[in-house]
Amino acid sequence: ILLGIAILFSLVALVISYYMSKKAMVPITRAFTRQREFVADASHELRTPLSVMLSSINAMEMTLDLEKEDYSHKLLFNMKNEVKRMTGLVGDLLTLARSDSGTIELVNEWFDFRTIAEEVVESVRALAEFKQIKLHFDAPDVLMVNGDSQKLTQLLYILLDNAIKYTPNRGEAQLSLSVKGKELLIFMKDSGIGINQDDYGRIFERFYRADKARTRQDGGHGLGLAIAKWIVEIHKGTIQVFSEVGKGSTFIISIPIIENRN
Ligand code: ADP
């Protein structure tokens, strides 16, 4: 009888705890959904005033006497940089909020990845030249890939931008694209500051910056690699990093070229 009562009690306790946990789960899931929606809505709403501010600053610049390097120029220059930085941050937040809610559709299209990569390399060349960084690029003459061209362009931009940002003056950066079997391989190598092994996993987390003081001065906000990882994962690929502090880093991405991802 005692054993029966004990079993009965444990069964009742089990059922009660099951219902309690289910009840608690619902508000938590709802709270997450609400938080996600809030971030998406807030980022979306912030885009318009930011673009109005940027065009107003551009208009103000035109009214200033460019011959005179005065205090107003300096203030306007700072304002413009901060507005641009915030526009980037808001755009990244919106991308991540949408990625969380699964509302971004992956476009499956065939395109020549070499042409796209060349354009991205050219768009950051001035940045590299400013730091006297040698920028190398190699890829097969034609590199047909099946995937979302816009998102893969963003992925390359994030990798190249970081390679230049975290490489001191007169360093080198190399982007190589190749095909191995049915995989597209992207190698992004730099001779920069490198990443501590303890940070390998964490750099892909949102808002994580290995060296906060440095990245703040370089204009980063710690969302680039989180977006890069998401882009790779929705293409069913993998992203890895190998690095040596003070010597440089290599990011290796492997993405299946032909796959039905939806
Ligand atoms: P951020 O906007 O700070 O660059 P990311 O998400 O792109 O944000 O990168 C996260 C962190 O990873 C950076 O703050 C930096 O510490 C480190 N990191 C990324 N790429 C490199 C690189 N090529 N070399 C050295 N450190 C890097």
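Me: With which side chain does the side chain of Ser176 make a polar contact?
Reply: The model is predicted, so local features need pLDDT of at least 70 and side-chain atom pairs count only at pLDDT 80 or more, while totals for chains, interfaces and linings use all residues. Residues are numbered from 1 along each chain as its sequence is written, and side-chain values use heavy atoms, with hydrogens and water left out. A polar contact is a pair of N or O atoms within 3.5 Å; within protein, one must be able to donate a hydrogen and the other to accept it, and residues adjacent in sequence count only if both atoms are side-chain atoms. At 3.1 Å, the partner of the Ser176 side chain is the side chain of Asp138.

Me: Is Ser176 buried or exposed?
Reply: Ser176 is found in strand β4; helices (H or I, at least four residues) and strands (E, at least two) are DSSP runs, numbered from the N terminus. Leaving aside neighbours within four places in sequence, Ser176 is in contact (heavy atoms within 4.5 Å) with Asp138, Leu185, Ile186 and Phe187. Buried means under 20% relative accessible area, exposed over 50% and partly exposed in between, with a 1.4 Å probe and protein chains only. Because its relative accessible area is 16%, Ser176 is buried.

Me: What is the relative accessible area of Ser43?
Reply: Ser43 has its place in helix α1 (residues 2–63). Not counting residues up to four places away in sequence, Ser43 touches Val90, Leu93 and Leu94. Ser43 is buried, its relative accessible area being 3%.

Me: Which residue caps the N-terminal end of α3?
Reply: Phe113, Arg114, Ile116, Ala117, Val120, Val121, Val124 and Ala128 are buried in α3. These buried residues pack against β1 (109–112), β2 (134–138), β3 (144–147), α4 (149–165), β4 (172–180) and β5 (183–190). Just after α3, Gln132 takes a positive phi of about 55 degrees. At the N-terminal end, a side-chain oxygen lies 3.2 Å from the backbone nitrogen of Arg114, and the capping residue is Asp112.

Me: What percentage of the ligand's area does the protein bury?
Reply: The ligand is surrounded by 21 residues, the closest being Asn162, Tyr166, Asp190, His221 and Leu225; a residue is near a molecule or strand if one of its heavy atoms lies within 4 Å of it. An oxygen atom of the ligand is 3.1 Å from a polar backbone atom of Ala210, and a nitrogen atom of the ligand is 2.9 Å from an N or O atom in the side chain of Asp190. Accessible areas come from the Shrake-Rupley method with a 1.4 Å probe, and for residues only the protein chains shown count as cover. Taken alone the ligand exposes 540 Å², and the protein buries 97%.

Me: What percentage of the residues of the protein count as buried?
Reply: The protein has six helices and seven strands. Its accessible surface comes to about 16300 Å², with 60% belonging to carbon and sulfur atoms. Of its 262 residues, the buried share is 37%.
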